[in-house]
Amino acid sequence: MRQRFTPLTWIIATLTVLLGTVLAQSAAVEAPRLTLSYGQFGLVYQLFSITIATMGAGFLFFVLAQPNLSPKYRPAMVVSALVVAVACYHYFRIFNSWNESYALTGEVYRATGVPFNDAYRYADWILTVPLLLVETVAVLALASNIASGMIWRLALAAFVMIGTGYPGEISSDTTTRLIWGTISTIPFIYIVYTLFVELGKSLVRQPPRVQVLTRNLRLLLFASWGFYPIAYLLPVLLGGGLSANGVVAVQVGYSLADILAKVGFGTLIYFIALEKTAHDRSAGVPENSTTPAATERTS
């Protein structure tokens, strides 16, 4: 079903870009002058490199895979391509900031005095999380008025989640991190619960093979999104404060979660769309029709 973009949709998109720009350009709180072992620095370095390559490969795949789908399912691939393209750009910035923040001195990497700018990650989330929500809601095949209202509620919750999580992220104080993390978790739970439940409800409207893929999508949603709060708490679990182990664990955790939540999620969306395309063709549904096949209309 085609979605119409209302003026309010453009307003929220504009605010998303503005908030992302503010985060990206914000003056980061001075990070602790850490000393990293060769292995600690190299682990983050290599994982950033892998994440950039994965996001870039995902972009090419989502662009080139569109002709395999019916026209009505191709917008989902456009959204997937946008998500990984934005993430790829921000990981380049994160990667460069990491290299500028530490320099090899003897057998260890010492802080250069240039703060590591983790605001790029939050700027990325401000842009990509709403797109992921749009992509997920589109899979539910809801009526346009219901889908529009759900997107608005989820987008607002996403802004609150990211905006309140950032102060705790850049703080070296454990109490501050826990307070802001707790506040940020409230909208986070709302988003995950809503999507998990709605994906479950949509199963009865899907063809049998799509039902299996949608169940897998629910599990991936729970696993990938559920890993973010764990990564957020790793500095606390590893001794409190932004220690060397804590900083490394956070960067590794967030990078792995981003790969799953963006490339992995988009790939599953593609296979769902591919199955729906095959199902529509076998049911004789015209390629450009926005009317679902009979098995998807039942509730």
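In the hairpin formed by β2 and β3, where two residues lie between the strands, Gly-106 adopts a positive phi near 70°. The structure is a predicted model, in which local features need pLDDT of at least 70 and side-chain atom pairs count only at pLDDT 80 or more, while totals for chains, interfaces and linings use all residues. Residues are numbered from 1 along each chain as its sequence is written, and side-chain values use heavy atoms, with hydrogens and water left out.

Within the pairing, Tyr-102 has Ala-111 of β3 as its bridge partner, and Thr-105 has Val-108 of β3. On the β1 side, β1 and β3 (residues 108-111) pair in the antiparallel sense over three bridges, with Thr-35 standing opposite Arg-110 and Ser-37 opposite Val-108.

Taken together, three strands form an open sheet in the order β1-β3-β2, with antiparallel pairing. The edge strands are β1 (35-37) and β2 (102-105), each of which pairs on one side only. Neighbouring strands of this sheet are turned by 30° against each other on average, direction ignored, where axes are lines fitted to C-alpha atoms, for helices over the stretch in contact, and angles between N-to-C directions run from 0 to 180 degrees. Helix α2 (residues 38-64) lies across β1, β2 and β3 and runs at about 85° to β1.

The packing of the helices is considered next. Two packed helices are described by the angle between their axes and the distance between the axes. The axes of α3 (residues 74-101) and α8 (residues 244-282) come within 9 Å and cross at roughly 160°, which makes α3 roughly antiparallel to α8 (angles under 35 degrees count as roughly parallel, over 145 as roughly antiparallel, 65 to 115 as roughly perpendicular and the rest as oblique). Residues making this contact (heavy atoms within 4.5 Å) include Ala-76, Tyr-91 and Trp-98 of α3, and Val-247, Lys-262 and Tyr-270 of α8. By class, the contact of α3 with α8 has twelve nonpolar, four polar and two charged residues; Ala, Val, Leu, Ile, Met, Phe, Trp, Tyr, Cys and Pro count as nonpolar, Asp, Glu, Lys and Arg as charged, and the others, Gly among them, as polar.

Helices α6 (residues 174-202) and α7 (residues 208-237) pack at an angle of about 180°, with their axes 10 Å apart, and this makes α6 roughly antiparallel to α7. Their contact has 17 nonpolar, six polar and two charged residues.

With a salt bridge defined as a side-chain nitrogen of Lys or Arg within 4 Å of a carboxyl oxygen of Asp or Glu, the count comes to five salt bridges. Because Lys-262 lies in α8 and Asp-124 in α4 (residues 119-139), the pair ties together parts that are 138 residues apart in sequence.

Technical notes:
Helix = DSSP H or I, 4+ residues; strand = E, 2+ residues; numbered from the N terminus. Pairing = 2+ DSSP bridges.
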